[in-house]
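Hi,

Here is the structure I promised to pass on. Have a look at it, and then read on for what turned up.

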Amino acid sequence: MRILGGGATDVGRVRSNNEDCFRLVQPLNLFVLSDGMGGEAHGEIASALAVETVVKHCMEADSNASAPLYGNPPAGLSAQTKRLMSAVHLANRNIYKSAQEHPEQAGMGATLTALWISGDALSIAHVGDSRAYLLRNGTLQQLTNDHSLVAEQVRRGIISASEAEQSEMQSVLLRALGTQAEVEVDSEEQALFARDLLLLCSDGLTRMVTDPEIAGTLQAEMDPQKAADRLIALANETGGIDNISVIVIRLENESKGWFSWLRPGGRKHAGKNGTAGGH
Amino acid sequence: MPKLSLMFEGKTVKEVPIGNRPITIGRSPDNDLPVDNLAVSNHHARVYYEGARLVVEDLDSLNGTFVNDLRIERATLHDGDSIHVGKHYIKVDASHDAPMPYDMGRKAAAPAINETMVLDTKARREMLSQAAAMGERTQFASGRIKVPTILVLSGKTANKEYILTNKLTTIGKSAMATVRLTGWFKPEMAAQISQRDDGYYIGPGAKTPAVNGTPIAGPVRLNDGDLIEVSGVRMNFIFRE
């Protein structure tokens with residue numbers, strides 16, 4: 001399968017700094033997104049450290065499969081999923097350590113949602129309230145559970161999904177990277193099919209733009225980069241109360257036609273990096 | 001207000017409105033809805049709102065509680081459903097809105113939080129139990145663990161029983177499908193079941209599944225005991241305790 005990706009981040013219309021961070025590592029088909037929190041500029045430090053740690057750990061493991069695994073990932077998962085979970089555990093340690101060593105960073109933390117694709121196997125590792133979605137057959141499905149207080153209340157039947165959307169407690173997380181020495185990391189493995197579309201995003205998108213609007217935009221815009229830009233524009237049009245980050249990944253059937261050898265460089269895609277602050 | 005009507009031999013014997021307290025059903029006279037029949041246990045079942053959902057729960061009765069003729073431990077009720085206990089049946093009228101008396105209190109108690117924050121384990125437990133106390137009726141339910149399960153009734157699949165552990169469960173011939181269909185002419189991905197915060201939803205893939213005999217147009221929420229038919233396979237969706 002051919003994998004095309006695009007991503008973008010924006011400070012939004014209300015905040016003065018962007019604490020989100022994302023990266024597309026296309027040689028590995030690894031996609032990482034993080035939303036930082038903490039006073040001053042510490043949210044930016046936390047999210048950048050989270051993304052950097054995950055990417056570095058996965059790249060190292062790509063060339064050396066026997067690199068140490070962190071956080072005892074459960075047996076029964078693929079090596080790829082275990083590696084991705086290990087990377088998230090390591091990111092948690094690095095942020096926590098940094099906050100311990102620098103008292104001014106106390107209380108900083110970050111969400112992290114990462115996708116790693118090899119062949120038709122998708123691995124997901126996730127902590128916090130950023131989201132991964134799958135658009136398949138016109139249906140948008142969330143592949144991650146939000147680790148937020150309101151989502152937990154919905155799961156326990158205390159409030160309804162529509163009450164959760166109105167709640168003033170939406171920013172309260174139950175889990176994040178860097179706030180405790182160890183963290184529980186969610187994992188998920190899925191089979192992918194041609195024409196599947198994956199979306200990674202921070203809550204700055206999902207709080208402003210409804211699921212049908214997201215699905216409609218993804219279906220209307222074939223180019224992943226343009227789709228990501230349009231989703232960010234939509235979130236800003238409706239208020240842009242938080243930083244917005246979006247990664248769009250499109251899976252296409254690899255051409256096996258008679259003339260496919262004539263098409264040059266069909267599989268090569270330059271990596272694209274994005275960081276908070278836009279350098 | 002939604003209500004329960006106790007029926008016996010075609011006649012309404014008693015009606016009780018469903019408020020914010022659970023309605024208990026049983027042979028003992030201290031029940032909200034006493035049913036005088038030897039086949040009914042002293043405290044047989046109860047009906048209550050869990051969020052916006054109306055739920056019936058069997059209280060380990062001897063002869064069981066049935067919803068639309070299917071034996072249940074716990075099930076979501078819909079308008080027009082009938083609950084059978086002993087020789088009686090209870091008609092569910094949920095055509096009116098669920099009562100929301102605790103709503104005001106909950107909103108007043110919740111301070112607005114703009115900055116993202118993380119609760120530590122202790123604060124989290126306190127907040128959740130506080131929230132649970134406001135919706136008092138949910139305490140009973142939260143103690144039980146429900147395991148969503150697919151039981152294959154007929155058709156060719158790799159296994160006969162699947163526990164749904166993933167956010168997304170695919171049904172199809174693909175080697176990576178959870179519920180793997182075997183045999184000729186089966187689609188790679190026939191249908192899929194996704195777990196959302198408020199329940200499990202089945203959606204179409206290459207085929208349009210039918211739920212309880214009705215083909216679905218888009219994702220449909222699955223209830224305990226629903227019958228799913230897709231690509232020549234018949235399955236039961238149930239919650240195991």
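One term before anything else: two strands count as paired when DSSP finds at least two bridges between them. With that in mind, Ser5(B) stands opposite Glu15(B) in strand S2 of chain B. Please also keep in mind that this is a predicted model.

Let me stay with chain B for a moment. Strand S1 (residues 3-8) of chain B is joined to S2 (residues 11-17) of chain B by 6 bridges, and the two run antiparallel. Together S1(B) and S2(B) make a hairpin with 2 residues between them. In that turn, Glu9(B) has a positive phi of about 50°.

S1(B) also pairs with strand S11 (residues 88-93) of chain B, in the antiparallel sense and over 5 bridges. There, Leu6(B) stands opposite Ile90(B). These strands belong to an open sheet of 6 strands with antiparallel pairing, in the order S2-S1-S11-S10-S7-S8 (chain B). At its edges are S2(B) and strand S8 (70-72) of chain B, each of which pairs on one side only. Ignoring direction, neighbouring strands of this sheet are turned by 30° against each other on average. Further along the order, strand S7 (residues 65-67) of chain B and strand S10 (residues 82-85) of chain B pair antiparallel over 2 bridges, and the bridge partner of Val67(B) is Ile83(B).

Now for chain A, which has 7 helices and 13 strands. Along its principal axes, the C-alpha trace of chain A spans about 60 × 45 × 40 Å. How does its radius of gyration fit with a compact globule? For 279 residues a compact globule would come out near 19 Å, and chain A has 18 Å, so the two agree.

Chain A has an open sheet of 5 strands, again with antiparallel pairing, and the order is S1-S12-S11-S7-S8 (chain A). Strand S1 (2-10) and strand S8 (139-142) of chain A are at the edges with a single partner strand each, so one side of each has no neighbour in the sheet. From one strand to the next, the twist averages 20°. Within this sheet, strand S7 (residues 131-136) of chain A pairs with strand S11 (residues 197-201) of chain A over 5 bridges, in the antiparallel sense. Leu134(A) stands opposite Leu198(A) there.

Helix H7 (residues 224-237) of chain A lies across S1(A) and strand S12 (244-252) of chain A, and runs at about 30° to S1(A). H7(A) has a helix partner too: helix H6 (residues 211-220) of chain A packs with H7(A) at an angle of about 150°, with their axes 9 Å apart. Angles over 145 degrees count as roughly antiparallel, so that is how H6(A) sits relative to H7(A). The contact is made by Glu213(A), Ile214(A), Thr217(A) and Leu218(A) from H6(A), and by Ala227(A), Arg230(A), Leu231(A) and Leu234(A) from H7(A). By class, those residues are 5 nonpolar, 1 polar and 2 charged. The crossing of H6(A) past H7(A) is right-handed.

Residues in the contact include Leu49(A), Thr53(A) and His57(A) of H1(A) and Leu84(A), Ala87(A) and Asn94(A) of H2(A). The contact has 12 nonpolar, 5 polar and 1 charged residues.

Finally, where do the chains meet? The contact takes 36 residues from chain A and 40 residues from chain B. On the chain A side, the elements giving two or more residues are S8, helix H3 (149-155), strand S9 (172-173) and strand S10 (186-191) of chain A. H3(A) gives the most, with 6 residues. That side of chain A divides into 17 nonpolar, 13 polar and 6 charged residues. In S12(B), Val118(B) is the bridge partner of Leu173(A).

Cheers

How values were computed
Residues are numbered from 1 along each chain as its sequence is written. Chains are lettered from A and ligands numbered from 1 in the order in which they are written. This is a predicted model: local features need pLDDT of at least 70, side-chain atom pairs count only at pLDDT 80 or more; totals for chains, interfaces and linings use all residues. Helices (H or I, at least four residues) and strands (E, at least two) are DSSP runs, numbered from the N terminus. Axes are lines fitted to C-alpha atoms, for helices over the stretch in contact, and angles run from 0 to 180 degrees between N-to-C directions. Two residues are in contact if their C-beta atoms, placed from the backbone, lie within 7 Å. Angles under 35 degrees count as roughly parallel, over 145 as roughly antiparallel, 65 to 115 as roughly perpendicular and the rest as oblique. A crossing is left-handed if the near helix is turned anticlockwise from the far one by less than a right angle, and right-handed if clockwise. Ala, Val, Leu, Ile, Met, Phe, Trp, Tyr, Cys and Pro count as nonpolar, Asp, Glu, Lys and Arg as charged, and the others, Gly among them, as polar. The radius of gyration is taken over C-alpha atoms; the globule rule is 2.2 Å times the number of residues to the power 0.38.
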